Structures are given as C-alpha cells and as structure tokens.
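Please look over the sequence and the structure before reading on.

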Amino acid sequence: QWWSGRQNDAAQEQIAVPEQARPKPKPKPAAQPAKPAAPSAADVPALVAKAQDLAEAGRAPEAVETLQEALRLDPNNYAVMDRLEKLKATARTQIEAAEKLKEAKERWAQEDFEEALRLLYRIPEGHRPANLGRIIADGWYNAGVQRLQALNFREAVEFFNNCLEQNPGDDAAQRARETARRYQNKQTDDAFKAFAASLQIRPMR
C-alpha cells in the first residue's frame, strides 16, 4: 500500500505540469503581401502621360527614358516611337543648352567675360534661362569694367553701351560709361583711379 500510494502521487505530479512549462503552439506565419504585377503593355498610356509631363517641365532627357521604358513594354507601338524620336531631338538641344550655360559659368568664374558672353548668346532659343538678359547685361558690364581699368576707354564705352541695351536702367553702367567717355581725351588723375578702383565685378546671378 505504501508503494502504491507513492506511485499515485508520482502520477499526479506528472499530470500537474505547470502552465509555463507546457509547449506553446507555433504562431501562424504572417500573410505575405501580394507581389505587384509585372509591367505590361497596359502601363504604356500612363508612361506616355508621365513623359509628356516631364517634357512640359523642361526635363526632356527624363521624358526620353520614360518613353524608352514604354517602348520596351510595347515594341510595336509606332505612336510611342514617333514621340520618342521628337523628344530625343528636344533632349539633345536641352542638353546642349545646359552644357553651354555650365561652361559660361566656368568662364565667368575665371573672369573671361567675353568668352562667357559668346557662350550665352549661343544658348538655343526656347532653352534660355528666364534671366538671361540680366546675365548678359552683367557680363557686358564686367567686360566694360575690365577695359576701363586697363585704360581702354573706347572698348569700355562700347561694352557699357551693350550692357545698357540689355538693362537701360543700370545707373552704375551709365556712370562708368560717362567716366570712360570723359577720359578718352584726358589724362587720368587721382579721381579716375579712385573711381576705377571702386568698381566691383558682378557675380552671375
């Protein structure tokens, strides 16, 4: 009886497993998000519309890439082919304009204003910065200042005239032009030297 009682106690101990010791059920795996559908010819109209928006925003190179993607999805879409060829021409012109403006900025930083002006005048119509007239006026002003300080009064007058054609209200250019005219037939003096030294080169704005 004693041994039988111990067996019963042991069986009860085995049955009474603590809650925290019991194996927990494995969590169900989270549902995987559905994979997006692969691009197809059905996406072409949206890509064409996106390319149009990019082109109108002056971002022709990006528009070309978008149409190229559309053409990969629908290689026989002749309407997209025609749009792409036209946009490529626009993109080339836009890239050319950006390169000329970049080079003009570099020349400006080197104070080679005449070369900077030559590049600015060659930026294609339709791709010029909105403030190009002001930039050109400042370029002529700077070139005029260089000529005035070098005592080349004839060219200084010419360059200040060019500046004033672009920006007639430029008071500083008017004063500099009058000074250059005055000293064309007159010996320079301390007043001229002080005036010439006060002139500042303008940054490209």
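The text below treats the chain as a whole and then turns to one of its helices.

The model is predicted. The chain holds nine helices and zero strands, and its pattern along the sequence is α-α-α-α-α-α-α-α-α. Of the 205 residues in the chain, 31% are buried. Among contacts with a separation of 6 or more, 53% join residues 24 or more positions apart.

Helix 2 covers residues 44-56, which makes 13 residues. At 1.5 Å a residue, helix 2 should span 18 Å, and the end C-alpha atoms are 18 Å apart, so the two values agree.

| Residues of helix 2 | State |
|---|---|
| Val 44, Leu 47, Val 48, Ala 51, Leu 54 | buried (under 20% relative accessible area) |
| Pro 45, Ala 46, Asp 53, Glu 56 | exposed (over 50% relative accessible area) |

Viewed down the axis of helix 2, the buried residues fall within an arc of 120°, and therefore they line one face of the helix. An α-helix has 3.6 residues a turn, so residues three or four places apart point the same way. The exposed residues Pro 45, Ala 46, Asp 53 and Glu 56 lie on the other side of helix 2.

What covers the buried residues of helix 2? The cover includes helix 3 (60-73) and helix 4 (78-109). Just after helix 2, Gly 58 adopts a positive phi of about 80°.

Notes:
Residues are numbered from 1 along each chain as its sequence is written. This is a predicted model: local features need pLDDT of at least 70, side-chain atom pairs count only at pLDDT 80 or more; totals for chains, interfaces and linings use all residues. Side-chain values use heavy atoms; hydrogens and water are left out. Helices (H or I, at least four residues) and strands (E, at least two) are DSSP runs, numbered from the N terminus. The expected span of a helix is 1.5 Å times one less than its number of residues. Buried means under 20% relative accessible area, exposed over 50%, partly exposed in between (1.4 Å probe, protein chains only). The arc is that of the directions from the helix axis to the C-beta atoms. Contact means heavy atoms within 4.5 Å.
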